[in-house]
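Hello,

Here is the structure I promised to pass on to you. Have a look at it first, and then read on for my notes.

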Amino acid sequence: MEHVVRTVRADEWPQVRELWLSALRDPVASVAFLETYEQSVSRPDAFWQERALNASEAGSGDVRQFVAVAPDGRWEGSVTVLIERPDADPAFGEEVEVHQAHVVGVFVRPQARGAGLADELFRAATDWAWSLTGPRIERVRLYVHEDNSRAAAFYRRIGFVPTGRTVPMPGDPSAREIEHAVERADGL
């Protein structure tokens, strides 16, 4: 089965909503995402329409959502990239020192896992980030919950390394999220 990995389109907000709600039903959602199913399911259509628009090529340019689409049209996975700038409002409550991309919302449906979709989604996301020239992205980062060893192992396998930076888990300051990053390679 061959999937197409591409950016979302502004009019695909119903699919954006459905996939996000599916992600929030995943057994590790409580350590992987910063909101709950109950919070998201009650959001109005206008919220999802804006989310899809902002993450599409028609959006601001600082956000892209990539999806893996099966031959039957079903969305099997997604990853979103946020561009963070030193001269912008602090991202996630912290100042950033360089122009960087921040990967969030990583999800592949359980039945599609192990087929390389996460690799393809990350390849599309990082290729897009590295291709930006205004600003030139110096690093790509993400956070992973300290108890999400499956995700951490995947991120390390594709080149992300723990930076030593941790932040408290929103809603549970006794838990930590660990930053992983990949620095821009010479010549990119």
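Below are some notes on the aromatic rings and the pockets.

Please keep in mind that this is a predicted model. The count of aromatic pairs comes to eight. One of them joins Phe-122 and Phe-160: the ring centres are 5.8 Å apart and the planes stand at 80 degrees, so this pair is edge-to-face. The two residues are 38 apart in the chain, with Phe-122 in helix 5 (residues 117-131) and Phe-160 in the loop between helix 6 (149-157) and strand 6 (161-169). Phe-122 is buried at 4% relative accessible area, and Phe-160 is buried too, at 2%. Together with Phe-154 and Tyr-155, they form one aromatic cluster.

Two arginines also sit over rings. Arg-43 has its charged end over Phe-47, 4.3 Å from the ring centre, while Arg-51 lies over the face of Trp-20 at 4.7 Å from the centre of that ring.

Helix 5 provides the largest share of the lining, five residues.

Enjoy exploring!

Terms used
Residues are numbered from 1 along each chain as its sequence is written. This is a predicted model: local features need pLDDT of at least 70, side-chain atom pairs count only at pLDDT 80 or more; totals for chains, interfaces and linings use all residues. Side-chain values use heavy atoms; hydrogens and water are left out. Rings of Phe, Tyr and Trp (its six-membered ring) pair if their centres lie within 6.5 Å; planes under 30 degrees apart count as stacked, over 60 as edge-to-face and the rest as tilted. Helices (H or I, at least four residues) and strands (E, at least two) are DSSP runs, numbered from the N terminus. Buried means under 20% relative accessible area, exposed over 50%, partly exposed in between (1.4 Å probe, protein chains only). A charge sits over a ring if NZ of Lys or CZ of Arg is within 6 Å of the ring centre and within 35 degrees of the ring normal.
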